[in-house]
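Subject: Structure handover

Hi,

Here is the structure I promised to pass on. Have a look at it first, and then read my notes below.

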Amino acid sequence: MRGTFLTAQWRHVAMLSYEVGADILLPHLPKGTELDTHGGRNFVSLVGFLFLDTRVLGLPALFHRNFEEVNLRFYVRRKVGEESRSGVVFIREMVSLPLVSEVARLTYNEPYRTVPMQHTLVETNGKLQSVEYLFGRPRDQSRLALHVEGAAQEMRRGSDEEFLSDRGWGYTRQRDGGTIEYLVEHPRWRVWTDVRWELDGPLGEFYDEPFADILSGVPASAVVSDGSAVAVHLPERIA
């Protein structure tokens with residue numbers, strides 16, 4: 001496995017997940033992977049989080065160390081001998097920094113888009129109450145907000161939140177039709193599952209159909225994770 005490309009802290013991970021038909025995801029499936037299901041269900045997830053203390057090849061990313069990201073992803077698996085690698089594929093990733101978008105496109109061919117972004121955290125006595133991510137310009141701004149109760153808990157084995165959060169690989173279709181994979185290392189996260197969610201704004205400005213319509217519905221899961229330090233490895237082309 002190749003060396004580490006990027007390290008960072010991923011924090012305040014807000015995730016809304018929607019059950020979808022396999023036919024919606026198959027056109028986006030990278031070669032060499034298969035759809036991963038949980039209880040026979042396929043999901044897409046809208047995920048907002050903070051990138052903090054970002055370092056590329058061990059060096060601080062200067063003026064690009066701390067920023068927000070909102071991405072839309074789905075879930076795949078790849079069999080390598082007796083090993084089954086659980087991974088994600090991104091449909092759209094958004095950040096506010098053009099250089100971050102360009103590096104990700106050049107290194108991984110990830111589907112990044114640069115849009116203005118903001119976030120707000122509400123805490124009481126050091127305990128998280130809500131996390132909000134805004135993306136887009138004032139005329140087309142959308143908002144993802146999750147409000148939590150109580151303290152974060154360990155993920156339950158076999159739960160939806162474990163399936164959606166405990167992913168060790170990323171897969172990306174390349175311009176020539178091939179596929180790269182890259183390892184993403186982080187410890188097991190703690191989560192809030194007692195969550196009230198809000199998602200509003202002109203989502204069609206950011207997502208093609210049918211995904212904008214899917215995101216306008218009611219999610220099957222709403223989860224906030226505390227996050228952790230992460231290491232993203234350099235990509236490797238799969239056979």
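Y207 touches L46, V70, L72, R92, M94, F135, A212 and L215, leaving out residues up to four places away in sequence; a contact here means heavy atoms within 4.5 Å. Y207 also belongs to the largest nonpolar core, where it is among the residues with the most contacts inside the core, along with W10, V44, F74, F135 and L146. That core has 70 residues, and its largest share, ten residues, comes from strand β1 (residues 4–20). By nonpolar core I mean a set of buried Ala, Val, Leu, Ile, Met, Phe, Trp, Tyr and Cys residues joined through side-chain atoms within 4.5 Å. Buried is under 20% relative accessible area, exposed is over 50%, and partly exposed is in between (1.4 Å probe, protein chains only). As background, nonpolar side chains in soluble globular proteins tend to be buried together.

Before going further, a word on what you are looking at: this is a predicted model, where local features need pLDDT of at least 70 and side-chain atom pairs count only at pLDDT 80 or more, while totals for chains, interfaces and linings use all residues. Residues are numbered from 1 along each chain as its sequence is written, and side-chain values use heavy atoms, with hydrogens and water left out.

Now the overall picture. The protein comes to four helices and 17 strands (DSSP runs numbered from the N terminus: H or I of at least four residues for helices, E of at least two for strands). Along the principal axes, the C-alpha atoms fill a box of roughly 50 × 45 × 35 Å. Buried residues make up 54% of the 239. Of the contacts with a separation of 6 or more, 69% are between residues 24 or more positions apart.

On to the pockets. A pocket is an open set of points on a 1 Å grid over the protein atoms alone, where a 1.4 Å probe fits, with protein on both sides within 12 Å along at least five of seven lines; lining residues have an atom within 4 Å of a point. Grid points are joined across faces, edges and corners, and the volume is the space filled by probe spheres set on them.

The largest pocket has a volume of about 670 Å³. Of its 36 lining residues, L6, W10, F51, Y112 and V232 are the closest to the centre. The lining has 25 nonpolar, six polar and five charged residues (nonpolar is Ala, Val, Leu, Ile, Met, Phe, Trp, Tyr, Cys and Pro; charged is Asp, Glu, Lys and Arg; the others, Gly among them, are polar).

The second largest pocket is about 330 Å³. H28, F90, I91, R92 and P111 lie nearest its centre, out of 19 lining residues. Strand β6 gives the largest share of that lining, four residues.

Finally, some backbone details. The peptide bond from E209 to P210 is cis, with omega near 10 degrees, and P210 sits in the loop between β15 (195–200) and α4 (211–215). H12, in strand β1, has a positive phi near 50 degrees, and it counts as buried because its relative accessibility is 17%.

Cheers
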